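Dear colleague,

I am handing over the structure shown below, together with a short account of what was found in it. Please read the notes with the sequence and the model open beside them.

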Amino acid sequence: MCIRDRAYVDYQVGGIDQTQIGSSAAGNTSGAGSDTTFTVDKMVDVTVAAGAGSTVFANQTSAPLVFTVTNTGNAAMYFALSSTEAADADAILTIQPELWLDADASGTVTAGDVQYVDETTFGAYSGNETFQVLVTGDISAGASNGNSATVNLFANAYS
């Protein structure tokens, strides 16, 4: 992205207004100046935030956890997503989690939600745009009260 701009300096000498000076790329000490053009680099940044924890029960299928992903960069990006159950948690998931675009932000997989396949599945998101992801997994029949699991969602941005 290119930006063109010009700055102006108004000043006084001994209380007397002087002729305004405009900036230029080479520097300027008098006159109107000229626009300076510079290129802004593409900033790639993403924020992933977990929603409130969920209560699940033994033998539950497709138990959802809600995450929000925000493109905090300055250009449209695609996102490669992955999820894992943390090694320090009780091993209560029986399948590798599935990822879904929660199109209606309902917090559960419903018609219209899209299952993640690769970084192009959900499309590109502009800077400061947020989308909601559901991480779903089946809960072990052997899970019991007091068991817990930490599930992580990872996002890498691509243009």
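In this model, which is predicted, the side chain of Asp113 reaches the backbone nitrogen of Ala103 at a distance of 3.0 Å. Asp113 belongs to the loop that runs between strand 10 (98-101) and strand 11 (114-115). Although Asp113 is buried, it has no salt bridge; the nearest side chain of opposite charge is that of Lys42, 28 Å away. Leaving aside neighbours within four places in sequence, the residues in contact with Asp113 are Trp100, Leu101, Asp102, Ala103, Asp104, Thr108 and Leu134.

Gln60 is located between strand 7 (46-50) and strand 8 (63-71). Gln60 counts as buried because its relative accessibility is 13%, and buried means under 20%. Not counting residues up to four places away in sequence, Gln60 touches Gly137, Asp138 and Ile139. Between the C-alpha atoms of Gln60 and Ser34 there is a separation of 67 Å, while the two residues are 26 residues apart along the chain.

Val9, Tyr11 and Val13 make a nonpolar surface patch of about 250 Å². Of these, Val13 is part of strand 3 (residues 12-13). With a relative accessibility of 48%, Val13 counts as partly exposed.

With kind regards

Terms used: Residues are numbered from 1 along each chain as its sequence is written. This is a predicted model: local features need pLDDT of at least 70, side-chain atom pairs count only at pLDDT 80 or more; totals for chains, interfaces and linings use all residues. Side-chain values use heavy atoms; hydrogens and water are left out. Helices (H or I, at least four residues) and strands (E, at least two) are DSSP runs, numbered from the N terminus. Buried means under 20% relative accessible area, exposed over 50%, partly exposed in between (1.4 Å probe, protein chains only). Lys and Arg count as positive and Asp and Glu as negative; His and the chain ends are not counted. A salt bridge is a side-chain nitrogen of Lys or Arg within 4 Å of a carboxyl oxygen of Asp or Glu. A polar contact is a pair of N or O atoms within 3.5 Å; within protein, one must be able to donate a hydrogen and the other to accept it, and residues adjacent in sequence count only if both atoms are side-chain atoms. Contact means heavy atoms within 4.5 Å. Patches are made of residues with over 30% relative accessible area and no salt bridge: like charges are joined within 9 Å, nonpolar side chains (Val, Leu, Ile, Met, Phe, Trp, Tyr) within 5 Å. Accessible areas come from the Shrake-Rupley method with a 1.4 Å probe; for residues, only the protein chains shown count as cover.
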